[in-house]
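Work through the exercises below with the sequence and the model at hand. Each task is followed by a solution in steps.

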Amino acid sequence: MSARIPKILSHLNVLIRDNDIVCIDKLRMDRNAFHILASLAKNIGGLTDSKNMSSTEKLAMFLNILAHHEKNRSVKVDYIRSGWCVSRAFNECLRVILKLTPLLLAKPNLVLEDDTDDRWKWFKGCLGALDGTYISIRVEAIYKPRYRTRKGDIATNVLGICDRNLNFIYVLPGWEGSAADGRVLRDAVVRRNGLKVPQGNYYLCDGGYTNGNGFLSPYRGYRYWLKDWQGDNPSPQCREELFNMKHARARNVIERAFGLLKGRWGILRSPSWYSVKVHNRIISACCLIHNFIRREMEADPLDVEMEFHMENQHEHDNINIIEASDEWTT
């Protein structure tokens, strides 16, 4: 251990002390934000130093795994640790981040009567936007039919709600990919300590959710998606289409939030070998750290690029990666 310590410290210094470029590339946040998160994790979350590993190294290892979906055997080589130490540090940091939920989860940002934001001033009393997204997951063969989406992927259906600043207000992971969006939302509303909508306020949602009771969806049977208003497409022809266009432009924030989330954390872009329970906790932790990064960093490097991408994204997902088959992975 005495011979390995200088190498361990040297590697850690390169990540969190040399420059922001390396820190953002490896850990998805600059040095200042990392040290603030390390302080919160230690003083509030209860992350402790072990005999041979500091809390700072544990947190850096945890963020590295989330950001790049690195396997245990790769991380243990980079950090010069045993696989057991890597696994223990990851699970400890995961518990600590979830303890910070009341601190990191955003509060709803109400649209006021005198709001001047061109996208949101039409929706007085709105608290944000909601949607569901699929995140790939590995399950046992007997459970695959339950987790199979309409596109044939094995995934979990995650309900997310964000404010207009792309910060997550509420996240509910864990539902099977075959579950309808409306069913997931009903579960979020009725469950203990679930989603609460104050009287007179509402969230924007797409046509897959029921209108009313705190949720405002677009008119059905009329143009809605952003692509329908771009290029040579005609402008709104009736009040229903005008409403749908305003609704789509405002609700697009949740699409951008999911895009930033998956762009930032590689572990959400491909199925991992963690259990379903742990993977759902990882999804929640990624959303919390996403909020933290947007709060503490002056400029989010992914934001400008993702804003352009999401403005031009249609209702269908683009193919941006080609994954190896299960046989090749095995």
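At 0% relative accessibility, N244 counts as buried, because buried means under 20% relative accessible area, with exposed over 50% and partly exposed in between (1.4 Å probe, protein chains only). This is a predicted model, in which local features need pLDDT of at least 70 and side-chain atom pairs count only at pLDDT 80 or more, while totals for chains, interfaces and linings use all residues. Residues are numbered from 1 along each chain as its sequence is written, and side-chain values use heavy atoms, with hydrogens and water left out.

**Exercise 1. Surroundings of N244**

Task: Find the element in which N244 lies and list the residues that N244 touches, not counting residues up to four places away in sequence.

Solution. 
Step 1. N244 belongs to helix α10; helices (H or I, at least four residues) and strands (E, at least two) are DSSP runs, numbered from the N terminus.
Step 2. Contact means heavy atoms within 4.5 Å. With residues up to four places away in sequence not counted, N244 touches P218, Y219, Y222, R223, Y224 and W229.

**Exercise 2. Aromatic pairs**

Task: State how many aromatic pairs there are, then classify the pair of Y203 and F215 and the pair of Y219 and F243.

Solution. 
Step 1. Rings of Phe, Tyr and Trp (its six-membered ring) pair if their centres lie within 6.5 Å; planes under 30 degrees apart count as stacked, over 60 as edge-to-face and the rest as tilted. The count by this rule is eight aromatic pairs.
Step 2. The ring centres of Y203 and F215 are 6.5 Å apart and the planes meet at 25°, so this pair is stacked. It links distant parts of the chain, with Y203 in strand β4 (residues 202-204) and F215 in strand β5 (residues 215-216), 12 residues apart. Both Y203 and F215 are buried.
Step 3. For Y219 and F243 the distance is 5.4 Å centre to centre and the angle between the planes is 75°, an edge-to-face pair. Y219 is in the loop between β5 and α10 (239-264) and F243 is in helix α10, 24 residues apart.
Step 4. Y219 has a relative accessible area of 43% and is partly exposed; F243, at 24%, also counts as partly exposed.
Step 5. Ring pairs join Y219 and F243 with F123 and Y222 in a cluster.

**Exercise 3. W273 and the second largest pocket**

Task: Which charged end sits over the ring of W273, and which residues line the second largest pocket?

Solution. 
Step 1. A charge sits over a ring if NZ of Lys or CZ of Arg is within 6 Å of the ring centre and within 35 degrees of the ring normal. The charged end of R138 sits over the ring of W273, 4.1 Å from its centre.
Step 2. On a 1 Å grid over the protein atoms alone, a cavity is a set of points where a 1.4 Å probe fits but cannot get out, and a pocket is an open set with protein on both sides within 12 Å along at least five of seven lines; lining residues have an atom within 4 Å of a point. W273 is in the lining of the second largest pocket, together with I65, H69, E70, K71, N72, V86, S87, F90, N91, S272 and Y274.
Step 3. Helix α6 (residues 83-99) gives the largest share of this lining, four residues.
Step 4. Ala, Val, Leu, Ile, Met, Phe, Trp, Tyr, Cys and Pro count as nonpolar, Asp, Glu, Lys and Arg as charged, and the others, Gly among them, as polar. The lining divides into five nonpolar, five polar and two charged residues.

**Exercise 4. A155**

Solution. 
Step 1. A155 is in strand β2 (residues 155-162).
Step 2. Its relative accessibility is 2%, so A155 counts as buried.
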